[in-house]
Amino acid sequence: MSYLVLQGIQKRFGTTIAVEDFNLSAAKGEFVSFLGPSGCGKTTTLRMIAGFEPPTAGSITVDGLDITHRPPNRRNIGMVFQSYALFPNMTVADNVGFGLRVRKRPKAEIRKRVADLLDLINLPDKGDRYPWQLSGGQQQRVALARALAIEPEVLLLDEPLSALDAKIRVALRREIRSIQRQLGITTVYVTHDQEEAMSLSDRVVVMSEGRIEQIGPPPEIYNFPATPFVASFVGTLNLLPAKVVDAGSGIVSVAGQQIRTPKAITTDPDRSVTVALRPEAVEIGEAGGANRLTGRVEDVSFLGSIVRTRVRVGDDASVSLDQFNDPALAAAAIDDTITISFPPEATLVLAGAASASATIEEAIAEV
């Protein structure tokens, strides 16, 4: 059953449309991430849920109650900001208990709630410290505890980990997900980091230019992108210009070499299309699937547990493939001519020769 519902949400700033026709139904206890490049409308949508921005059109309901026009202090919603936004003149305990004091809860209740939350975020001995005496990761945990103290119906997080270094981000996102599951709180998380969205979420909302491109569980978003933008923005992707040879049989030509796609192509023969292919679906040699391409190795990159090899299969087409780093196997050498293979099911045909490339370049430029 839907718990948080956004229906027909729109936000205009003058003549600029920041969010257009946004529809989402989230179940109680669900973790939903808004994923997209800067300027796509994800933070604006979050601020409308929080009450900081009034929608131009549409409605927002929580547990059946319309909160569209309620001020922020009359919505039982907790929010964690990118910049922590802790009160520097208050101790950690006072920061966590601030919302409860505003609600005039009994002092004994506040003390117990604060102690419980400090235990929950693994900072039980830091209650008398000040924010400036804590690390960035610890401050963000305090901000999370403060948002949870009021027992919100919905928890909102606006890129809360972007100011932290990589190792702390990974550790803290695990804690956030664990706490969210433990409390069963409906959560909306804003990020432009694909890995964060994929690892944290029950469902991901991919956004572009104020509109929803696709909503679905992380495996669906990654493996079955619904639009060229999703295919190019989520994960690493090979984009190969191709010509349709036999539309009914799903056969295309890449740099003069024919490969088969998983289904019929709805376009005329000799039309230009783009074939999308994930690096992990490709193998060196002929054991990877029925599709084979021959080309020259132009680069080999060691990425720790992964070895990424780039093979030039035509003047305007190259394929990157990922293999687990096996010290017992010799990597391909630059300028070697090799055959690579992959199954027809690993390919995705996108309409147009340039649209996918342009989309990914624009998305990267905006992040």
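By a nonpolar core I mean a set of buried Ala, Val, Leu, Ile, Met, Phe, Trp, Tyr and Cys residues joined through side-chain atoms within 4.5 Å. Keep in mind that this is a predicted model.

On that definition, the largest nonpolar core here has 32 residues. Val96, Val142, Leu144, Leu148 and Leu155 have the most contacts inside it. At least two residues of this core come from each of α2, α4, α5, β7 and α6. The largest share is that of α5, with 7 residues.

Take Val142 from that list. Setting aside neighbours within four places in sequence, Val142 is in contact with Leu86, Val92, Asn95, Val96, Ile121, Leu123 and Leu134. There is also a second, separate core, of 27 residues, and Ile9, Val19, Phe34 and Leu46 are among them.

Now to α4, residues 107–120. Its 14 residues should span 20 Å at 1.5 Å a residue, and the end C-alpha atoms are 20 Å apart, so the two agree.

Which residues of α4 are buried? They are Ile110, Val114, Leu117, Leu118 and Leu120. Viewed down the helix axis, the buried residues of α4 fall within an arc of 150 degrees, so they line one face. In general, an α-helix has 3.6 residues a turn, so residues three or four places apart point the same way.

The buried residues of α4 pack against α2, α3, α5 and α6. On the face turned away from them, α4 carries the exposed residues Ala108, Arg111 and Lys112. Just after the helix, Asn122 takes a positive phi of about 60 degrees.

That's what I have; questions are welcome.

Methods. Residues numbered from 1 in each chain as written. Predicted model: local features only at pLDDT ≥ 70, side-chain atom pairs only at ≥ 80, totals over all residues. Heavy atoms only, no water. Helix = DSSP H or I, 4+ residues; strand = E, 2+ residues; numbered from the N terminus. Expected span 1.5 Å × (residues − 1). Buried < 20%, exposed > 50% of the residue type's maximum accessible area, 1.4 Å probe, protein only. Arc of directions from axis to C-beta. Contact = heavy atoms within 4.5 Å.
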